[in-house]
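Colleague: Can you walk me through some contacts in this one? Keep it short, please.

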Amino acid sequence: MSGWTVRTRVLSMMLAFMAAALAVTGVLTYAIQFRALEERVDRELWQEYSELNLIANSEDESGALLYTTLDELMLRVTESAAPSDNESVLAIIDGTGRYEAQVQDFSLSRQAVLDHVMDTHQPRASVLTSMEVEGRELRMMIASVRVAGDDSEGIFVVASDIGTQKRLLWQSVAVFGGISVATLLIAGWTGYLVTGRLLQPLGTLRAATEEITVEDLEYRVPVPEETDDITALARNFNRMLDRIQAGFAEQRRFMSDVGHELRTPLTILRGTLEMTDEQDPDDVREAHHIALDELDRMG
């Protein structure tokens, strides 16, 4: 930046700080939003599991369980499931997908999903897992389901297409980035105009200083009416010119005095030497004394 103007430096630093602030703000904001999305999806998956547990423990008026077979329980759970947007529910009995409820246009009965469920499933446990299939990122809750007196093994699967929701966030990131770029462009143009107006007195001061030469020290830079740093600079510059002009005047007076003081004894010496008779010892002696006196005076 050593070759840049003050205007360019100020504007560049301002835009650099703005860009850094927008970048940090965007990164932190969307990192929090992505984290919040993952936590929300996990809560929704566990909510479906809580509803499964509630239905499985439902009792009639006599205190007996309402659902005594795994098939009845899985059918009832699937029918009563109210999956949110981008969610699907699948009930698997003895390794076969039996009942399904879906909101999104993606079925969990696909073989790739079933294979992943069977590989991840843990008997008598519930686990959260993620997988990608056909370009979709799924967040899944896989719960093992058993009913007393029924030897069948059930798996209750709730999947959320978290990838679609992340894509919506990424679109928001793109919008934020576009708005940030537009903001920087507007701020840059506005800053260019404002800094030009603020630094205009400095340009006037620079142009004025170029008019000052050694031969003409009478010129003074105009002092703005505002009370700012540039006004103080112009005033101090004029004071410096006053001191320089006074110094040059003193130097000229000194050189004039020196010239005057030297011309007089030199004239006397020349006149004495021209009038001295070289054949007259007394005349030569007198010229010698006069020359020494004038030299002492010059010294």
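**Salt bridges and a helix pair**

Modeller: The side chains of Arg35 and Glu38 meet in a salt bridge, 3.8 Å from N to O. A salt bridge is a side-chain nitrogen of Lys or Arg within 4 Å of a carboxyl oxygen of Asp or Glu. This is a predicted model: local features need pLDDT of at least 70, side-chain atom pairs count only at pLDDT 80 or more, and totals for chains, interfaces and linings use all residues. Residues are numbered from 1 along each chain as its sequence is written, and side-chain values use heavy atoms, leaving out hydrogens and water.

Colleague: Where do Arg35 and Glu38 lie?

Modeller: Both are in helix 1 (residues 6-56), three residues apart, about one turn of the helix. Helices (H or I, at least four residues) and strands (E, at least two) are DSSP runs, numbered from the N terminus.

Colleague: How many salt bridges does the whole structure have?

Modeller: A search finds 15. One of them joins Asp71 and Arg98, at 2.8 Å from N to O. Asp71 sits in helix 2 (residues 70-80) and Arg98 in strand 2 (residues 96-102), so the pair ties together parts 27 residues apart in sequence.

Colleague: New topic. At what angle do helix 5 and helix 6 cross?

Modeller: The axes of helix 5 (residues 200-209) and helix 6 (residues 229-275) cross at roughly 15° and come within 10 Å. Axes are lines fitted to C-alpha atoms, for helices over the stretch in contact, with angles from 0 to 180 degrees between N-to-C directions. That makes helix 5 roughly parallel to helix 6 (under 35 degrees; over 145 is roughly antiparallel, 65 to 115 roughly perpendicular, the rest oblique).
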